[in-house]
Every structure is written in C-alpha cells, then in structure tokens.
Amino acid sequence: MADIKGGIEKAVKAVAHGGGTFVKTTKLTISLSSEEGKLNNIYTQIGKSVHEIYKHGGSLGAMFDERYKEILEAEARIADIKNRLEIAKGVVLCAKCNASAKRGSAFCPKCGESFGEAAEASETPAVAPHARHTPHVAPPVSEPEPMPVPNPVPQGKTCGICGSVAAVGERFCMSCGRAL
C-alpha cells in the first residue's frame, strides 16, 4: 500500500512540475510572438517610409531604386490581374470598401458608394495610379480565356424604391443606392 501511495505522490509531483513548465513555455512563446510582431511592425513602418520617399520622387540609392522599380512593376501586374479578374467575373470593385458588384451597377451593395463611371468603364486593364507615369511599368498581360458563367446568385430583398432584386446579404441597392 505504501508503494502505491508513494507512486501516486511521485506522479502528482511530476504532473505539477510538468504543468509549471508548460505554463512557463507558453508564456515565453507568447512573449516571443509579441516581440516578433513589434519588430515586424517596425519593418513595415520603415518600408512604408521608404515607399513614401519614392512616391514623392526621392531616392535612397541604386539598390533601393531597383527594388522600388520591382514594386511598381508588381503593383501594375496586380492591378492588371485584378481588373481582368473583375472583367471575367462580370463585376466591378468598390473603391471605398473593395466589395464586388455586377458590372453596370450604379452603387455598391455593401456600403452604398456610387460607382459613377467605374461600373461602365471599358475593359482596359487598370494600372496603379502612381505607376501610370513611371517608365518602369510592366506591359499588360494578354486577355484570359472567358470563364464559365457561375450559378445564379441567390436572390434576397427587392428594393422598395426601384424594384431591383438584390443578392442575399446586400445592404444597399446596386441600381439606386438606397438602403435595403
């Protein structure tokens, strides 16, 4: 009986010690993650500062100049791909909240922002605004093959003002901009 009691006491002490180690390592891991996050925020702030210098015509030397050209080219390619994706999907993105709406919609279904001419825009690939006047912009990529038409969007509310039918979850009418 004494052997069993001694074994149980040893097991309890081992678990208590192990639990303390687990708590200690967890706290250290959280602290490490926090400090790494702070360091990454500093890196991001430095990068944004360098970007602002270049955005306003500054320079920090040949290595940074080359890297900034690569950033502008990547931004131009991303803008082009996003535009082609919008065209392929038959949608336009809201400049205010980045929500998508059917091409030809007058208002954003999420925030109610007016699309104005953006919804009727031609299918010319977009280029990032600060990259338009830069001679280092990559050429646009050729048009993709048409994508198959997706299943119809489930219908939600009908606008009481203009009678348009909104998709499920839309908070604003894409035709007249009224709240649904």
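Start with the loop between strand S1 (91–93) and strand S2 (100–102), and select Asn98, which is found there. Helices (H or I, at least four residues) and strands (E, at least two) are DSSP runs, numbered from the N terminus. Asn98 has a phi near 70°, a positive value in a residue other than glycine. Most residues other than glycine have a negative phi. Is Asn98 buried or exposed? At 53% relative accessibility, Asn98 counts as exposed; buried means under 20% relative accessible area, exposed over 50%, and partly exposed in between (1.4 Å probe, protein chains only).

Before moving on, a word on what you're looking at. This is a predicted model, where local features need pLDDT of at least 70 and side-chain atom pairs count only at pLDDT 80 or more, while totals for chains, interfaces and linings use all residues. Residues are numbered from 1 along each chain as its sequence is written, and side-chain values use heavy atoms, with hydrogens and water left out.

Next, select Cys97 and Cys108. The structure holds zero disulfides. Cys97 is partly exposed, at 26% relative accessibility, whereas Cys108 is buried, at 0%.

Now jump to helix H1 (residues 2–55) and pick out Tyr43. Together with Leu39, Ile42 and Ile46, Tyr43 forms a nonpolar patch on the surface, with about 390 Å² of accessible area in total. Accessible areas come from the Shrake-Rupley method with a 1.4 Å probe; for residues, only the protein chains shown count as cover.

Zoom out. Of the 180 residues, 19% are buried.

Finally, color by pLDDT, the predictor's confidence in each residue, from 0 to 100. The mean is 75, and 74% of residues reach 70 or more. Select residues 118–139, where pLDDT stays under 50. Where pLDDT is low, the predicted coordinates should not be read in detail.

Key:
Patch = residues over 30% accessible without salt bridge, like charges linked within 9 Å, V, L, I, M, F, W, Y side chains within 5 Å. Salt bridge = Lys/Arg side-chain N within 4 Å of Asp/Glu carboxyl O. Contact = heavy atoms within 4.5 Å. Disulfide = S-S within 2.5 Å.
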